Number of protein chains: 2
Amino acid sequence: MATNDQHGENSPYFDGWKSYDKDPFHPTRNPHGVIQMGLAENQLSFDLVEEWIKKNPKASICTSEGIKLFRDIANFQDYHGLPEFRKGVARFMGKARGNRVSFDPERIVMAGGATGANETVMFCLADPGDAFLVPSPYYPAFLRDLRWRTGVQLIPITCKTSDNFQISIEALQQAYENAKGENVNVKGLILTNPSNPLGTTLDRETLRSIVSFTNSHNLHFVSDEIYAGTVFATPGFVSVAEILEAEKHFNRDLIHIVYSLSKDMGFPGFRVGIIYSYNDAVVSCARKMSSFSLVSSQTQHLLALMLSDDDFVDRFLAESSERLGKRHKLFTGGLEQLNIKCLKSNAGLFCWMDLRPLLKEPTFDAEMSLWRLIINDVKLNVSPGSSFECHEPGWFRVCFANMDDETVEIALSRIRRFVGKENPKTKQNDDGNDKAQKKTKQRSWQKNLQLSFSKRNTMYDENIMVALSPHSPIPRSPLVLARN
Amino acid sequence: MATNDQHGENSPYFDGWKSYDKDPFHPTRNPHGVIQMGLAENQLSFDLVEEWIKKNPKASICTSEGIKLFRDIANFQDYHGLPEFRKGVARFMGKARGNRVSFDPERIVMAGGATGANETVMFCLADPGDAFLVPSPYYPAFLRDLRWRTGVQLIPITCKTSDNFQISIEALQQAYENAKGENVNVKGLILTNPSNPLGTTLDRETLRSIVSFTNSHNLHFVSDEIYAGTVFATPGFVSVAEILEAEKHFNRDLIHIVYSLSKDMGFPGFRVGIIYSYNDAVVSCARKMSSFSLVSSQTQHLLALMLSDDDFVDRFLAESSERLGKRHKLFTGGLEQLNIKCLKSNAGLFCWMDLRPLLKEPTFDAEMSLWRLIINDVKLNVSPGSSFECHEPGWFRVCFANMDDETVEIALSRIRRFVGKENPKTKQNDDGNDKAQKKTKQRSWQKNLQLSFSKRNTMYDENIMVALSPHSPIPRSPLVLARN
């Protein structure tokens with residue numbers, strides 16, 4: 001295993017991270033650096049959390065108000081988790097789904113983030129060689145999470161541009177029949193809803209059809225709902241839990257939800273992954289497996305209190321949704337002014353940007369060329385559709401919630417320059433040599449694409465990047481922090 | 001996997017936990033309950049940690065002094081870990097080994113406790129069906145950690161009572177040859193040093209021979225050193241790192257250390273497992289796998305500062321060692337007065353108690369009968385040797401560092417009554433019916449063994465348990481906490 005390549009870390013998705021890692025943007029210290037738009041982080045509502053923490057020193061075992069529980073918590077290693085933590089998480093899961101469904105704390109199983117939760121579910125449900133269907137485009141690290149150590153195969157179900165990338169039951173049926181025809185033992189279907197990378201939610205009828213289809217073929221259905229609380233516009237999110245609630249006849253033993261606090265709360269560092277299965281055997285098995293990746297009891301304790309505070313949670317979810325909506329509008333609105341469209345979306349921390357008109361030709365090679373140009377010259381780390389197994393070239397996932405408004409504006413101004421539409425405002429900030437540069441700047445992207453890679457970096461830097469003015473400091477990037 | 005039995009949770013080791021769980025001892029609320037002596041927890045030096053925390057509020061992201069780092073830490077998900085955390089852990093590992101060796105922070109890889117670390121090492125080094133040699137007696141949960149999800153086989157190397165359970169190279173050679181003869185692909189050897197359950201350390205020459213043997217047969221050697229900092233008496237602990245330091249000719253690519261802060265610091269709830277490999281490919285692979293079980297960044301941040309405080313760490317390790325030594329002496333000394341011997345030991349949070357003279361016959365059935373009597377009637381959750389794959393019946397692991405002195409005394413008084421040696425001191429605490437009970441109490445253990453199980457519980461309770469007087473409160477058990 002130390003030598004196989006199933007980890008998937010060589011995909012472009014990770015390449016982009018590496019580029020960012022080498023030259024990370026900072027408004028003052030490195031204003032020409034790469035802006036990280038490949039990281040689906042939610043940084044918009046930390047002030048609310050910080051305010052709560054200041055008001056609740058008892059929630060920490062490292063304050064004078066909370067330290068009397070230190071030894072009990074430091075010693076706590078029961079794989080069921082702190083009961084208050086499970087209760088808090090179950091309650092939060094309900095609230096993040098509009099309180100239309102409730103969750104049983106006894107079914108809350110811990111894992112190491114959604115990463116660990118997804119792997120654990122696979123270990124529980126499939127033997128090596130078994131397969132899971134997954135609608136494409138899908139989260140690239142599924143290759144690592146679902147497949148690497150479990151030996152499970154992933155079979156993509158192609159979602160078409162013409163359907164706005166919505167999964168169709170026909171495509172699902174086709175993928176299932178094809179796999180069966182090749183004697184593959186299909187154990188289930190997994191999908192992320194709200195979708196990563198699309199930022200869309202499944203409508204109730206489609207979701208119901210998926211439950212019905214998987215149920216009728218005795219397939220497991222794993223619903224990865226880690227973006228449940230990021231919905232910022234209509235139509236709202238419908239959880240698979242609501243389908244089960246509405247129609248009692250479905251076989252619940254085949255339904256499993258993966259959840260996490262990394263996206264909805266913005267705590268990826270805390271490694272809170274949750275498996276919520278309606279199947280008792282899976283709950284029991286996953287709980288045994290959770291010994292490999294329990295949530296730190298220090299973190300469980302903090303979250304137990306935070307997530308049990310109804311007023312805080314209600315306010316946080318409402319405010320977070322509003323801020324995400326505003327940010328989404330700011331970014332996609334800016335793109336629209338440049339005639340760049342995104343798939344209409346209502347959730348997530350990213351949008352699915354349509355750069356098909358910018359492709360030299362409709363191929364994945366052209367997508368890769370465009371992507372490398374965006375990374376190396378425009379200095380935005382976005383993620384190409386091919387890394388999400390998208391069937392059609394020209395789509396890119398762009399994250400917008402891991403930065404402040406100023407950085408979004410810088411990113412937009414870089415894109416503006418790239419597509420050749422100068423913004424009069426930013427022009428004022430340009431240094432000397434203005435006339436000489438102007439001609440170069442207004443070259444179309446196609447010409448840029450034809451430049452040799454070795455020349456491009458320097459040239460683009462000289463022409464474009466010096467024009468960017470410093471902005472107010474943004475939070476230090478975790479990846480920068482890691483490399484100090 | 002949800003249906004196989006490789007998890008090993010049905011072993012007596014876990015049964016004992018369940019018995020405790022149903023009826024946990026509490027000095028005032030449940031003075032007749034089962035005393036947990038099956039849990040290798042280190043609760044003796046928490047006051048030092050608490051004192052440090054009070055003095056260092058900045059170490060927490062949930063204090064007014066530390067909150068400005070909250071968002072960076074909550075967002076931090078780099079699988080390399082916080083650089084300060086890795087540095088702190090590397091430094092602590094050196095100190096816990098008397099500063100005779102140093103560790104490179106770049107080789108520190110995180111995992112979910114030693115549980116996760118051990119599994120990760122197996123995933124890195126072996127394919128399903130491959131085997132690892134492991135000297136017996138060994139930690140029962142190795143079955144889960146090393147074997148369950150990896151498909152790796154474990155081949156015990158029997159350590160003999162006549163050698164004081166020290167591993168012999170002859171036995172190692174024999175086990176290796178036997179496995180090869182059966183066409184088993186042996187990939188390496190894993191052992192816990194200081195030993196769990198023995199509480200002994202490998203002497204330098206033996207350790208050197210093991211490195212030499214594994215090296216010469218191109219076998220990996222995984223040294224699980226999670227008890228490195230628990231040594232309380234001579235001879236001191238020799239880490240495999242010291243062997244490599246002394247003799248540069250060994251092939252380091254075959255050497256891997258597993259570490260944790262669960263035992264030496266007493267933080268099992270924090271789930272800090274460490275893989276320290278001298279092999280670059282293993283470091284790289286294990287780090288990729290650590291995505292499944294990273295340490296919570298909240299916890300990393302706290303420990304980064306705590307473990308980098310040299311004065312604190314020096315004092316903690318010295319004081320912890322002294323307190324463990326005192327506790328060991330108190331408990332084993334008490335047993336000696338009852339003519340119960342333990343294997344001579346110098347480390348660990350337990351002793352290896354020799355109850356061979358109390359066996360009805362030298363069989364594992366007799367060991368199980370004795371064990372059930374100890375659990376159900378003496379109400380001590382100790383762990384039978386058979387659950388550690390010990391080759392000879394009559395040995396029991398008894399943990400002594402997860403309770404206060406008063407509870408140790410109660411445990412000793414229960415054992416005293418069980419083996420029929422009344423202590424005049426505790427006699428004063430007996431309630432009425434004194435004469436009537438005395439005869440029953442002084443029955444030998446052999447007679448007790450002949451009582452039917454259904455009768456025993458009641459009878460023993462009436463006769464013995466009511467005699468125990470309440471003691472000052474001890475820390476609430478984590479398992480009690482879990483069930484509230």
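Chain A has a secondary structure of 19 helices and 13 strands, and what you're looking at is a predicted model.

**Exercise 1. Work out what rotation superposes chain A on chain B, and how the two copies are related.**

Step 1: Look at the rotation. Turning by 180°, with 0.0 Å of shift along the axis, puts chain A on chain B with an RMSD of 0.0 Å.

Step 2: Draw the conclusion. The two copies are thus related as by a two-fold rotation axis.

Step 3: Find the axis in the picture. A:Ser293 is the residue of chain A that comes closest to the rotation axis, its C-alpha being 2.4 Å away.

Step 4: Check the surface. Of the interface residues of chain A, 100% are also interface residues in chain B, so the copies meet through the same surface.

**Exercise 2. Find B:Ser291 and decide: is it buried or exposed?**

Step 1: Locate it. B:Ser291 sits in the loop between α10 (280–289) and α11 (297–307) of chain B.

Step 2: Compare with the cut-off. Buried means under 20% relative accessible area. B:Ser291 has 6%, so B:Ser291 is buried.

Step 3: See who is around. Beyond its neighbours within four places in sequence, B:Ser291 is in contact with A:Gly112, A:Thr115, A:Arg144 and A:Arg271 from chain A, plus B:Tyr79 from chain B.

**Exercise 3. Which residues touch the most other members of the largest nonpolar core?**

Step 1: Start from a general idea. In soluble globular proteins, nonpolar side chains tend to be buried together.

Step 2: Go to the core. It has 172 residues, and A:Phe70 and B:Phe70 touch the most other members.

Step 3: List the contacts of A:Phe70, skipping neighbours within four places in sequence. In chain A these are A:Ile61 and A:Cys62; in chain B they are B:Phe46, B:Val49, B:Glu50, B:Ile53, B:Phe267 and B:Phe270.

Step 4: Apart from it lies another, of 146 residues, including A:Trp148, A:Tyr227, A:Leu359 and B:Ile226.

**Exercise 4. Describe where A:Trp52 is and what it touches.**

Step 1: A:Trp52 belongs to helix α2 (residues 46–55) of chain A.

Step 2: Check its accessibility. The value is 6%, so A:Trp52 counts as buried.

Step 3: Look for partners. Leaving out residues up to four places away in sequence, A:Trp52 touches A:Ala59, A:Leu302, A:Leu305, A:Met306, A:Asp309 and A:Phe312.

Step 4: Pick out the polar one. The side chains of A:Trp52 and A:Asp309 make a polar contact at 2.8 Å.

**Exercise 5. Which residues of helix α10 of chain A are buried, and what do they pack against?**

Step 1: Walk along residues 280–289. The buried ones are A:Val282, A:Val283, A:Cys285, A:Ala286, A:Arg287 and A:Met289.

Step 2: Recall how helices turn. An α-helix has 3.6 residues a turn, so residues three or four places apart point the same way.

Step 3: Find what they pack against. In chain A, that's α4 (83–95), β2 (108–112), α5 (113–125), β7 (255–260) and β8 (272–277), and from chain B α6 joins in.

Step 4: Inspect the N-terminal end. A:Asn279 caps α10(A) there, with a side-chain oxygen 2.9 Å from the backbone nitrogen of A:Ala281.

**Exercise 6. Which strands stand at the edges of the four-stranded open sheet in chain A?**

Step 1: Write down the order. It reads β9-β10-β13-β12, with antiparallel pairing.

Step 2: Look at the ends. β9 (341–342) and β12 (383–384) of chain A each have a single partner strand, so one side of each is left without a neighbour in the sheet.

Step 3: Zoom in on one pair. Five bridges join β10 (residues 350–354) to β13 (residues 395–399) in chain A, running antiparallel. There, A:Met353 has A:Phe396 as its bridge partner.

**Exercise 7. What hand does the crossover from β3 to β4 of chain B have?**

Step 1: Check the strands. β3 (residues 131–136) and β4 (residues 153–158) of chain B run parallel and are joined by six bridges. As an example, B:Pro135 is the bridge partner of B:Ile157.

Step 2: Follow the chain. From β3(B) the path goes through helix α6 (residues 142–148) of chain B to β4(B), and this β-α-β crossover is right-handed.

How values were computed
Residues numbered from 1 in each chain as written. Chains lettered and ligands numbered in written order. Predicted model: local features only at pLDDT ≥ 70, side-chain atom pairs only at ≥ 80, totals over all residues. Heavy atoms only, no water. Least-squares fit on C-alpha atoms with pLDDT ≥ 70 in both. Contact = heavy atoms within 4.5 Å. Helix = DSSP H or I, 4+ residues; strand = E, 2+ residues; numbered from the N terminus. Buried < 20%, exposed > 50% of the residue type's maximum accessible area, 1.4 Å probe, protein only. Core = buried A, V, L, I, M, F, W, Y, C linked by side-chain atoms within 4.5 Å. Pairing = 2+ DSSP bridges. Right-handed = clockwise from strand over helix to strand, strands pointing away. Polar contact = N/O pair within 3.5 Å; in protein donor to acceptor, adjacent residues only side chain to side chain.
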